Amino acid sequence: MEFNADWTASCELFYSSSSCLSSQGILSVQYPCAACKFLRRRCSENCILAPYFPPTEPLKFTIVHKVFGAGNIIKRLQDIPEHQRLDAVNSMVYEATARTRDPVYGCAGTISLLQSQIMELQEELAKTKAEIFYMQCQNADLLTLI
């Protein structure tokens with residue numbers, strides 16, 4: 001257990017460091033993002049996927065790639081304004097995870113399940129409110145008798 005934590009910490013340190021020392025000074029080293037590493041291609045400085053799929057989270061891209069494909073992910077990100085891309089990636093990750101869990105309904109199945117739970121809870125709440133009202137009426141009747 002302790003070895004695993006040390007190994008994880010060293011991996012995080014390795015991936016988070018972005019420069020190394022050379023005889024001529026400091027050289028900038030860019031590690032490939034999880035997407036480029038998965039696709040086995042060179043990760044450029046202006047890689048559209050790098051900010052959203054860091055090298056420390058390879059599973060995130062794997063799941064999204066499995067459902068949407070790299071070309072569709074890139075196309076969607078290019079069509080979206082930069083300030084909305086993080087939300088779009090998070091949405092794709094959620095959708096891909098849901099689709100992996102439930103290949104037929106995906107997110108729609110989860111939404112449907114949650115809506116039915118809400119309806120059941122609203123019915124239960126209405127019944128409880130009716131019981132409270134009934135008890136208050138009985139209490140008021142008892143007070144008038146006394």
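**Asking how we know**

Guide: Let's start with V67: apart from neighbours within four places in sequence, V67 is in contact with A96, R99 and T100. Contact here means heavy atoms within 4.5 Å. Before we go on, this is a predicted model, where local features need pLDDT of at least 70, side-chain atom pairs count only at pLDDT 80 or more, and totals for chains, interfaces and linings use all residues. Residues are numbered from 1 along each chain as its sequence is written, and side-chain values use heavy atoms, with hydrogens and water left out.

Visitor: Where is V67, and why is it called partly exposed?

Guide: V67 sits in helix α3. Its relative accessibility is 32%, and buried means under 20% relative accessible area, exposed over 50%, partly exposed in between (1.4 Å probe, protein chains only). So V67 lands in the middle class at 32%.

Visitor: What do you count as a helix or a strand?

Guide: Both are DSSP runs numbered from the N terminus: helices are H or I with at least four residues, strands are E with at least two. Counted that way, the protein has six helices and two strands. Their order from the N terminus is α-β-β-α-α-α-α-α.

Visitor: How many disulfides are there, and how do you know?

Guide: The structure has zero. For C33, the nearest cysteine sulfur is that of C36, 3.5 Å away, and C33 is in no disulfide. A disulfide is a pair of cysteine sulfur atoms within 2.5 Å. C43 has its closest cysteine sulfur in C36 too, at 3.7 Å, so that pair is too far apart for a bond.

Visitor: Are C33 and C43 buried or exposed, and what makes them so?

Guide: C33 has a relative accessibility of 1%, so it counts as buried. C43, at 14%, counts as buried as well.

Visitor: Which residues of helix α4 are buried, and how do you know that they line one face?

Guide: Helix α4 covers residues 70–79, and its buried residues are A70, I73, I74 and L77. Looking down the axis of α4, they fall within an arc of 95°, so they line one face of the helix. That arc is taken from the directions from the helix axis to the C-beta atoms. As for partners, the buried residues of α4 pack against α2 (34–39), α3 (58–68) and α5 (85–101).

Visitor: What makes K60 and E57 a salt bridge?

Guide: The rule asks for a side-chain nitrogen of Lys or Arg within 4 Å of a carboxyl oxygen of Asp or Glu. The side chains of K60 and E57 meet at 3.6 Å, N to O, and they pass. By this rule the count is one salt bridge. K60 counts as buried because its relative accessibility is 19%, while E57 is partly exposed at 36%.
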